[in-house]
Amino acid sequence: MPEASFVFGEKPIRIESGDGVHLYDDDGNAYLDFGASYACTPLGHSHPAVVEAVQEQVAELTFVQGSYPVDARDGLYERLGRLGPGDCSNVWLCNSGTEANEAALKFARHATGNSEIVAATRAFHGRTMGSLAATWKDEYKEGFGPLPGGFTHVPYGDAEALAEAVTADTAAVILEPVQGEGGINPAPDGYLQAAREATDAAGAALVFDEIQTGLGRTGSLWACEDAGVTPDILTTAKGLGNGLPVAATLCADWIAEDAGSHGSTFSGGPVVCAAANATLDAIVEEDLPAHAASLGETFKNRLEEIDDLRDVRGEGLLVGVEVKRGANRALRSLALNHGVLALPTGRTVVRFLPPLVATEEDCLAVADALESVVG
Ligand SMILES: *Cc1c(COP(=O)(O)O)cnc(C)c1O
């Protein structure tokens with residue numbers, strides 16, 4: 001195996017190719033990719049259906065501005081409109097997660113005529129100014145102020161504190177159904193429902209940031225389905241184009257009818273829409289949410305057998321394990337000694353976001369590797 005500095009020092013892994021759950025470096029080493037570049041490749045690397053759709057589209061029509069209807073974009077509107085929870089069937093397309101949240105906050109302010117946004121501690125919503133104001137950690141904000149005003153943070157999971165923070169001036173409550181960057185924290189039972197009730201009572205919008213949790217990762221197409229709670233706005237990005245930059249803000253009718261003026265030159269470009277259409281079709285046709293649910297159980301059960309872990313948590317294939325001696329040490333050894341790639345979240349949590357097409361064999365191999373790394 002390569003020396004230590006190969007991964008985390010001045011000499012990073014140079015990835016040359018990808019195929020399914022594997023990445024390959026320029027020395028021919030194979031890596032089981034259980035980080036999926038932050039959940040961006042739910043179908044695995046270079047999935048044939050996505051490759052074909054993109055190749056055909058880029059040759060036929062690479063780009064045209066959004067004012068001309070094109071099949072690829074109409075196809076994505078149709079799919080997301082049909083798949084969005086409740087009446088979140090009005091679709092705004094953009095290029096990244098933070099933009100999808102930025103739009104959600106703008107739409108909520110416009111539709112309600114209010115300005116206050118309530119977010120949660122440990123939340124991560126992105127790094128443009130509005131999304132950054134909704135993000136929790138100071139580290140991401142240092143030196144970038146002043147950020148937009150009107151944002152407050154309440155302890156994630158505390159339904160009472162949330163209800164108290166929502167007032168007649170609230171435009172939106174924005175929450176991740178399972179916090180990703182914040183350490184893999186699933187919402188406690190009843191929390192999302194309480195957020196629904198508080199926003200309904202105040203006439204505010206409930207925004208679910210499903211950029212990390214959505215598209216089947218937690219075992220349902222959207223994590224909010226598990227809780228039986230429908231938001232007014234749902235944002236999705238990361239895996240939507242299986243690696244191509246495309247994101248969406250899905251809105252209920254009452255938001256869409258009074259969303260104000262918003263726009264983006266690249267919104268709904270045909271190539272990224274073709275990628276998203278192929279990705280969504282595969283997720284639905286192969287029933288990957290159900291696969292993620294059952295495989296996630298198998299994976300977590302096996303991880304729970306490992307003695308030296310402090311905690312195993314998450315939903316479906318969004319899994320975090322709390323290790324005793326620092327996540328970076330474990331990640332380094334996983335990569336260098338076992339050819340397994342994963343991600344940190346915080347100092348002590350190793351995060352697994354495997355492609356949804358991973359197999360039981362892959363999960364057991366990763367758990368075995370982790371066991372020898374932490375043992
Ligand atoms: C990654 C992420 C974002 C930001 O998405 P970008 O595409 O990096 O802008 C926002 N919210 C959540 C929950 C995320 O995981």
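A: R302 is buried, its relative accessible area being 13%. Here buried means under 20% relative accessible area, exposed over 50%, and partly exposed in between, computed with a 1.4 Å probe on protein chains only. The model is a predicted one, so local features need pLDDT of at least 70 and side-chain atom pairs count only at pLDDT 80 or more, while totals for chains, interfaces and linings use all residues. Residues are numbered from 1 along each chain as its sequence is written, and side-chain values use heavy atoms, with hydrogens and water left out.

R302 has a salt bridge to E305, with 3.5 Å between the closest N and O atoms. A salt bridge is a side-chain nitrogen of Lys or Arg within 4 Å of a carboxyl oxygen of Asp or Glu. E305 is exposed, at a relative accessible area of 53%, whereas R302 is buried. The pair belongs to a network of salt bridges that links R302, E305, D368 and E371.

R302 is one of the buried residues of α12, a group that consists of L288, P289, A292, L295, G296, F299, K300, R302 and L303. Viewed down the axis of α12, these buried residues fall within an arc of 155°, so they line one face of the helix. The arc is that of the directions from the helix axis to the C-beta atoms. An α-helix has 3.6 residues a turn, so residues three or four places apart point the same way.

Helix α12 covers residues 288-304, and its 17 residues should span 24 Å at 1.5 Å a residue; the end C-alpha atoms are 23 Å apart, which agrees. The expected span is 1.5 Å times one less than the number of residues in the helix. Helices (H or I, at least four residues) and strands (E, at least two) are DSSP runs numbered from the N terminus. The partners against which the buried residues of α12 pack are α11 (270-285), β13 (309-315), β14 (318-323), β17 (349-352) and α14 (360-374). Contact means heavy atoms within 4.5 Å.

The structure holds 12 salt bridges. In one, R82 and E78 meet through their side chains at 2.7 Å, N to O. R82 and E78 are four residues apart in helix α4 (residues 71-83), which means that about one helical turn separates them. E78 counts as partly exposed, at 40% relative accessibility. In another, D200 pairs with R196, the closest N and O atoms being 2.9 Å apart. D200 and R196 both lie in helix α8 (residues 191-202), again four residues apart, about one turn of the helix. R196 counts as buried, at 11% relative accessibility.

The unreviewed UniProt entry lists K238 for "modified residue: N6-(pyridoxal phosphate)lysine". UniProt positions are given in the numbering used here, feature names are shortened, and annotations may be inferred rather than shown by experiment. K238 lies in the loop between β11 (233-236) and β12 (247-251). K238 counts as partly exposed because its relative accessibility is 22%. Leaving aside residues up to four places away in sequence, K238 touches Y38, A39, C40, I211 and Q212.

Some strands remain. Strand β7 (residues 170-175) is mostly covered, with six of its six residues buried. β7 and strand β5 (residues 116-120) pair in the parallel sense over three bridges. Two strands pair if DSSP finds at least two bridges between them. Across from A172 in β7 stands I117, and V118 stands opposite V173. β7 is also joined to strand β10 (residues 205-209) by four bridges, and these strands run parallel; here V173 stands opposite L206.

β5 is mostly covered too, with four of its five residues buried. Four bridges join β5 to strand β6 (residues 151-154), and the two run parallel. The bridge partner of I117 in β6 is F151.

Helix α5 (residues 97-112) has 16 residues and reaches 23 Å from its first C-alpha to its last, close to the 22 Å expected at 1.5 Å a residue. Its buried residues include G97, T98, A100, N101 and A103. G113, with a positive phi near 75°, follows α5.
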